[in-house]
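Welcome, and thanks for taking a look at this model with us. The briefing below covers disulfides, aromatic ring pairs and charges over rings.

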Amino acid sequence: MAESPVASYVSDDGSQMNGNNSGAERPPSSYGSMRSDDYNDHENNVATGVVTVDQPVSYTRVYVQRSSSPETILTEQTSGQQSSIQNHGVFIRSDKTLVASRKEVPQETLREGEEYMELDDELRVHVVERPVETEEEHSPAGDLELLSGSKHPELCLGYIFRDVLSKMDPTELLWFKRELTVRREQDFKKEDLQDSDVLDVVDRLLERCELGKAVQVSCRIMFLIDRRDLCKELEKKCMRVLIQYEVKEYVKRRFEIVFEGVPRPGRQTAINNIYVEQDLLKGGTYGVNTEHEIRQVTQPNSSTTRGSIRLSDLFKPHLPDGPSIRNVLITGIPLAGLSLCARKVVVDWANETAFQEFQLVFLLPCEELHLTREENISFSDFMSVFCSGTKDIDKLISQPDCRCLFILDALELARPNFDFTNNQVVTDVTDLAPTDALLTSLILGHLLPGAKVLMTSHYGAASLIPDHLVHRHLESQGFTDEQKDEFFTKRFSVPELGMQVLAHVKSSRTLYIMSHLPLFAWMVACIFERGLQHRPGFAERPPHESVVYVQFVIVQVNRWMERYRLVNRDSIRWTDTDKDMLMKLGKMALSLLEARRVIFHKEDLDEYELNMKEVTEQLGLVAEVPNMGFLVKSKAVRQESKESQAFAFLHLTVQEFLAAFYVYLSFRVDGKTIFEQPFKKRVIAKFSKDSFLALYRPAVDRALASPDGHLDMFLRFMFGMVMDSTEDHLRGFFLSHYMNPPRGMDEVVSYVRKRIAENALPDRCCNLQRCLDEMTELP
């Protein structure tokens, strides 16, 4: 952006005043802002186009456009808006010092055309008061001002260094420079500071360190050279800067590095190396992805009709002059990458690449809220739990001019009691209350009304929040095809390996479709990465879908135990109850598959004695799917789905796999054949009970009898379950380590080839051939 010809004069507390200075040459940033008090003649000439006073006016700082120093930017978005200064504004006292009321610190520079009114012995900037924002109607002026990129005046306090450091005597300044070269050896050399005065030291500090780091280093050095009085003075004057810096450092330490899967030393990676921005669809309630390799299900709620929004524009008003956005809700099915989006928001803020309209951003992982549920707690103590090591943070967030963003990530993990009507109302950060009351008061705006809230949640927990408290509702459905390609190529440090993995994933249409879920895409990437690097023959054939789905189910069950049972990942043991739950879920999946049903309700779960909360909210294999009655053909059932909660598996292939999982393990473990057979075939199977022909013959016959192929993927998973590589993952969970390998598979292969020769339907024959390929063991 081109430099404006209007100079900005800023008071000691950071307020600004513009002057017409098109002809004057701008001095360097740091020296112009830290000159001596008797340097007034030149300054009076510069300011002659702004105000007329009887005596020379002494300003305390000049803001100029300089990339290496703190600056205030005025964008086109705010240039046409009225000033947001309330009540008193900026004024010049008779002692020639430009000051401002602490409660009405201006947020943007002054513009041409603003009037200067003389009130008694004061000169005051005439502005229009901004109307008070209510809960129902928010003024957009504050949001436009925030989006302009301008910083709070107290975050641009570089000139304070001159005032504080100038109080040191020459000997202390010498020790200060010596400690600076020792502690910041990479930035400061001894010869650079040898003949430097206070102005030079401050100039180099601000150029080579960000403001927060510069303040922190200066405070430590002054403490070491026994000038603790100056240390406390600097900490007091720069409290906002120090707190922001400490919060950013905390965010970088905790959230910038992520672990994919089970955390292990050396397996961490930077979030920017794997993050792919998803499309956040406006309005939400799009349901599960219905794209399928064989079955065709058209979903009417497409993103083209509702539009999407970028992550960095979450709090941008709907219209340029529309109401501001305070509460944003992002929903989605499990594994859609909601938590990664929340991490990306706070990391981008800490790295100053986005969300700079906020002074502080806090990520509150709701899975850790159990740490504060034992007793009543104040919000200040609550924040110390999630942002430890930062003192006086409650004093800052309580100030009305402190713009904060609170991110409540994964509300479903908090198991909240969101009673917005009866919960205790909390208005002060020092009031004691239950955690649920603190969260509801924060969302309602009773607590910290100037703050904004971003919530991520699955549908079940999101339904607890009233619609009028959600100013923007978005939904994440995972990756599009283009984003899948970006993820697989971006994740690997070697581009050739990423392209090779992507080519193999695309060779399996089912795996490529399911990779719209970020966690599933990560699993597929890990499997193929290990195979291509350590198994030379891995690239010779397409991947096995069944092997990947078995690992996917195991990972989800283990994650469920970690999150909701608080079991250490090294101590996870599946009980008979856990195994029984999965078998019942597979039995229900088979029943729904045979009935060509995708949607189910609480009554279906009760029929199979399944715990609704565990299956639909915790396990991560089922999602609530509002407004998906189009998947139900019966009008009566469609009407019922509108009146009660509706659920579906994460994807149609998950339902088909669990059905095959149930049928195969019922035969493998209990010797039970699920499908009915003619009497003659049952007699033959009785005398060859170890033969798997009794299991696969009726399954093949049923799949071939289907006119639309709704059992084709189920049959393919059935054949994939019998492989050694698949059973190896089940050993220790469902199968014994010493169980005999399957027998009679030669008979199964002969029967399948016979049916291929007899069947005239190309699609059915093609799928039977894919079933035989699925049985082929990887080299």
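For what follows, a disulfide is a pair of cysteine sulfur atoms within 2.5 Å. By this rule, the count comes to zero disulfides. Please keep in mind that this is a predicted model.

**Cysteines**

- Cys402 is in no disulfide: its nearest cysteine sulfur belongs to Cys404 and is 3.4 Å away, while the cut-off is 2.5 Å.
- Cys402 counts as buried, because its relative accessibility is 4% and buried means under 20%.
- Cys765 is in no disulfide either, and here the nearest cysteine sulfur, that of Cys766, is 8.8 Å away.
- With a relative accessible area of 16%, Cys765 is buried as well.

**Aromatic pairs**

- How many aromatic pairs does a search of the whole structure find? The search finds 24 aromatic pairs.
- One of them joins Phe379 and Phe406, whose ring centres are 5.6 Å apart; their planes are at 75 degrees, so this pair is edge-to-face.
- This pair links distant parts of the chain, 27 residues apart: Phe379 is in helix H15 (residues 379-386) and Phe406 is in strand E15 (residues 404-409).
- Tyr664 and Phe692 have ring centres 6.1 Å apart and planes at 40 degrees, so their pair is tilted.
- Where do the two partners sit? Tyr664 belongs to helix H28 (residues 652-670), whereas Phe692 lies in the loop between helix H29 (679-687) and helix H30 (693-705), so the pair ties together parts that are 28 residues apart in sequence.
- Tyr664 is buried, at a relative accessible area of 0%, and Phe692 is buried too, at 4%.

**Charges over rings**

- Two examples of a charged side chain over an aromatic ring follow.
- Lys248 lies over the face of Trp349, and the distance from the ring centre is 5.3 Å.
- Arg697 has its charged end over the ring of Tyr751, 5.0 Å from the centre of that ring.

Conventions: Residues are numbered from 1 along each chain as its sequence is written. This is a predicted model: local features need pLDDT of at least 70, side-chain atom pairs count only at pLDDT 80 or more; totals for chains, interfaces and linings use all residues. Side-chain values use heavy atoms; hydrogens and water are left out. Rings of Phe, Tyr and Trp (its six-membered ring) pair if their centres lie within 6.5 Å; planes under 30 degrees apart count as stacked, over 60 as edge-to-face and the rest as tilted. Helices (H or I, at least four residues) and strands (E, at least two) are DSSP runs, numbered from the N terminus. Buried means under 20% relative accessible area, exposed over 50%, partly exposed in between (1.4 Å probe, protein chains only). A charge sits over a ring if NZ of Lys or CZ of Arg is within 6 Å of the ring centre and within 35 degrees of the ring normal.
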